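Please read the sequence and the three-dimensional structure together before turning to the explanation. The text below is intended to be followed with both in view.

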Amino acid sequence: MSEKKLYSYTALFNTPDEIIHATEKVSEKGYKNYDVNTPYPVHGLDGAMKLPPSKLGYIALVLGLSGIMAGLLMTYWMSAVDYPINIGGKPVFSFPAYIPIIFEITVLFASVGTVLAMLLFFFKLPNNSHPLHGTNYMKAVSSDKYGISISADDKLFIEEEVINLFKELGSTEIHPVYYDEVEVNYKNKIFEPNFIMFLVVAFILTSGATYVTLNKLMYMVPFDWMSNQEKVIPQSKSMFYSDGFGMRTPVEGTIARGHIPYPYKGNPEAASAMPNPLLPSKENMKIGQQKYDTYCSPCHGFHAEGDSRLRGQFPNPPSLHSEKVRNWTDGRIFHVITEGQNIMPAYNTQLTNDEKWAVILHLRALQRSLNAKETDLQ
Amino acid sequence: MSSSLTNFGYQGKELPVKVRNIGLALFLIGLVLAVFGYFVEPVRSMFNNIILLTFIVSIGLGSLFFVALEYVSGAIWSVPFRRVMEFFAALLLIVPFIALPLLFNLHDIFHWTHPEVMKTDKLLAGKAPYLNEEFFIVRFLVFAALWILFYFAITLTSKKQDITKETKLTRRNIKISAVFIPVFALTVSFTAIDWLMTLEPHWFSTIYGVYYFSGTVLAALAAGTYAIVNLNEKGYLLKGLDKDHYYSLGALLFAFINFWAYIAFSQFLLIWYANLPEETIWFLQRWNGSWKYISILLIIVQFVVPYFGLLSQPSKKDGKKLKFFALWILAAHYIDLYWLAMPTFSKEGFVLGWIELAYPILAVGIVVLVFSLKSKKNNFVAIGDPKLKRGIEFKL
Ligand code: HEC
């Protein structure tokens, strides 16, 4: 066992008033390197010890300001540079929306950073042991006594004088505290190469593990949670069929249910002869209006007057109230819906045949609303 | 024990007559200008009168809230100067008089007082059960009566204790305060809604009451801090009030500066984000023409400057700084109320004429006058309070 050195002289007192008085006297004598230990924070101790205001506040300020900058940069980079999305028509970098985020990051930086700074720089942790630990003095001041400990490396430290001072102040328990030099350090441990190496290794390990988890592991069985399956997935290559297509063309000579092939391809005259099989019943009109509003109204307008809602992103179509279209048969309009016309795309796949006829019923009603027949007015 | 010991050596100094005379002079100047303004531009004057009313309610009601808060929370540090806040609470007594001219001119101020509007406007018709003159006046009178009732209940008990020194009076005040606080919460919200929010009867914001509350407490704290630091420096209070007390006052001020900004921003953020025309109109109005400058000014004056001014620990312990920022915050609160009320009157941009200056003069006059009259023949310190000794010895 190595040689033990004197760390400090300690004295115990019974009441908070006594400790405040003792502290005032000790600091009056000019001692600088001493500490007071109490079981709970005693009001007024800071003043009695003549402690200067803590520097921790400045650290918190600097960290808080860095938090603001970090938050600002993060929100800006994410929303305006890396992944700009239009949200509610607001500018991609909408400052008010990011104030809460910036605020939280500021608080996070300031609070966590301040605690870390306090532990690492002010308390000089990590440390194997503090000389006062495990002493009877520490046991007493962490239950019901109030203690003061004057360090042996104080400039004014002279053993007899300190003991006399404590006696004068009325302490009954005065003890020296010894320590083992190997066990204790006074330096900032975190600046030691070993510790820095440890930090670097920890940093590499955690960030590496995070990277592997998020970018590799998540795509491996079983951590992908069955997200990878042998089934037809839209927009992706099929592994099952040799030609790589997931969608199959129907077997020759067959048709899918409900999909009768259109017989008048490229032949509007022939199509004109088709009669509308639907009656203008309430149900049919309703379906017609629904489908018209969904599929046709974006371009043709709710009232078929060619007042498109697409704001010029697609050429405005002509009004469907024109004499030409009014005079067309239902079959002729059916043809336009099925095949499209010039730049108007075909709506064959979106609408079933019955729905197309229903849309035409609705269109007829719209036309009649502007150009009523004699009989409608009676 | 000798009586000087139980009184903690309280001297019982009175404020110099000068203070009262200054208050009286300001009051008279403001009053004459305000009356004159009423005959020149009645509607404009009435809008200013609303600002005055809500300003005085802020200080008076906020102070009573502070006193009640001390009682229910069992606070110790504020006992040595609680009486100062009680003096400010006396402003509640004159609130009805300030409201009187308004009650006779409701038609010029509030759109919703016109029955034909209430019938034709579908939105307003739905609010008619709440927004009608009779109920409005009844509400105000009930609120004012409650405030005055609680003012007397709390302060008279506190005053009685100066002589009897009974602990049971503290206990009684704790009970009264516990009842007062919910009453305060409701009346302060509805006062804000009635006098300020219904200026724009179509618009609504559910956080409006809290917004006004934050300003209320801030204004009361500022008035109290200014008076307490001043009185303490001039020796009207007990010896031993120190940096620790100052720090606590400053910290509360600082906290409520943040609270105000937090609430103001919350209100703004939700309205801005949802972007609904019926809600954004209120902020657009305050961004219209030169109102934009007042909106920006408000952020700087009521948040940024006092925030950095009171951020550091030493500045909260510095009496000079505290006094400066206390006055600053009072002015900021006045601008805040101006910003809330005036855009309804002048939509194109802010107006600033002699009428707008007359009312703050009147406000300062009223506060100084009421404070000096109230403090006459009253102790500046609640010398009978059982917590007083601990209050003076309070250390952080
Ligand atoms: C993407 C926009 C768009 C949609 C959606 C659309 N159309 Fe058209 N439509 C047009 C355009 C453009 C024309 C004019 C084409 C041309 O130049 O001949 C047109 C032409 C027509 C015509 C012929 C008018 C004429 O005067 O020649 C009819 C009938 C018609 N559409 C009906 C419909 C119906 C019914 C629907 C709903 C199933 C529909 N359209 C959906 C853009 C659209």
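The paragraphs that follow treat the two chains in turn, then their contact and the ligand.

The model is predicted, so local features are given only at pLDDT of at least 70 and side-chain atom pairs count only at pLDDT 80 or more, whereas totals for chains, interfaces and linings use all residues. Residues are numbered from 1 along each chain as its sequence is written, and chains are lettered from A and ligands numbered from 1 in the order in which they are written.

Chain B contains 18 helices and zero strands. Here helices (H or I, at least four residues) and strands (E, at least two) are DSSP runs, numbered from the N terminus. The radius of gyration of chain B is 21 Å, close to the 21 Å that the globule rule gives for 396 residues, so chain B is as compact as a globular protein of that length. This radius is taken over C-alpha atoms, and the globule rule is 2.2 Å times the number of residues to the power 0.38. Along the principal axes, the C-alpha atoms of chain B fill a box of roughly 75 × 40 × 40 Å. Of its 396 residues, 42% count as buried. A residue is called buried if 20 or more other C-beta atoms lie within 10 Å of its own, exposed if 12 or fewer do, and partly exposed in between, with C-beta atoms placed from the backbone. Among the contacts in chain B with a separation of 6 or more, 84% are accounted for by residues 24 or more positions apart; two residues are in contact if their C-beta atoms, placed from the backbone, lie within 7 Å.

N48(B) is located in helix α3 (residues 42-73) of chain B. Why does N48(B) count as buried? The reason is that N48(B) has 28 C-beta neighbours inside 10 Å. Leaving aside neighbours within four places in sequence, N48(B) is in contact with I355(B), E356(B) and Y359(B). The C-alpha atoms of N48(B) and A223(B), 175 residues apart along the chain, are separated by 21 Å.

Helix α17 (residues 354-375) of chain B has 22 residues, which at 1.5 Å a residue should span 32 Å, and its end C-alpha atoms are 31 Å apart, which agrees. The expected span is 1.5 Å times one less than the number of residues in the helix. After α17(B) comes K377(B), whose phi is positive, near 60°.

Chain A has 13 helices and four strands. Its radius of gyration is 43 Å, while a compact globule of 378 residues would have one near 21 Å. The box filled by the C-alpha atoms of chain A, taken along the principal axes, is roughly 125 × 60 × 35 Å. Of the 378 residues of chain A, 16% count as buried. Chain A is divided into domain 1 (4-186), domain 2 (192-248) and domain 3 (268-372), with bounds that come from an automatic or database domain assignment. The C-alpha centres of domain 2 and domain 3 of chain A lie 49 Å apart.

Some backbone details of chain A deserve attention. Most residues other than glycine have a negative phi, and most peptide bonds are trans. The peptide bond from V221(A) to P222(A) is cis, with omega near 5°, and P222(A) is found in the loop between α7 (193-215) and α8 (268-272) of chain A. W225(A) also lies in the loop between α7 and α8. The phi of W225(A) is positive, near 50°, and W225(A) is exposed, with 8 other C-beta atoms within 10 Å. K50(A), in the loop between α2 (45-48) and α3 (56-82) of chain A, has a positive phi near 55°. K50(A) is exposed, with 11 other C-beta atoms within 10 Å.

The chains meet where eleven residues of chain B are in contact with nine residues of chain A. On the side of chain B that touches chain A, α12 (243-274) and α15 (313-317) of chain B each give two or more residues, and α12(B) gives the most, with five.

The ligand has 24 residues around it, of which C296(A), C299(A), P317(A), N342(A) and M344(A) come nearest; a residue is near a molecule or strand if its C-beta atom, placed from the backbone, lies within 6 Å of it. α9(A) gives the most to this shell, with five residues.
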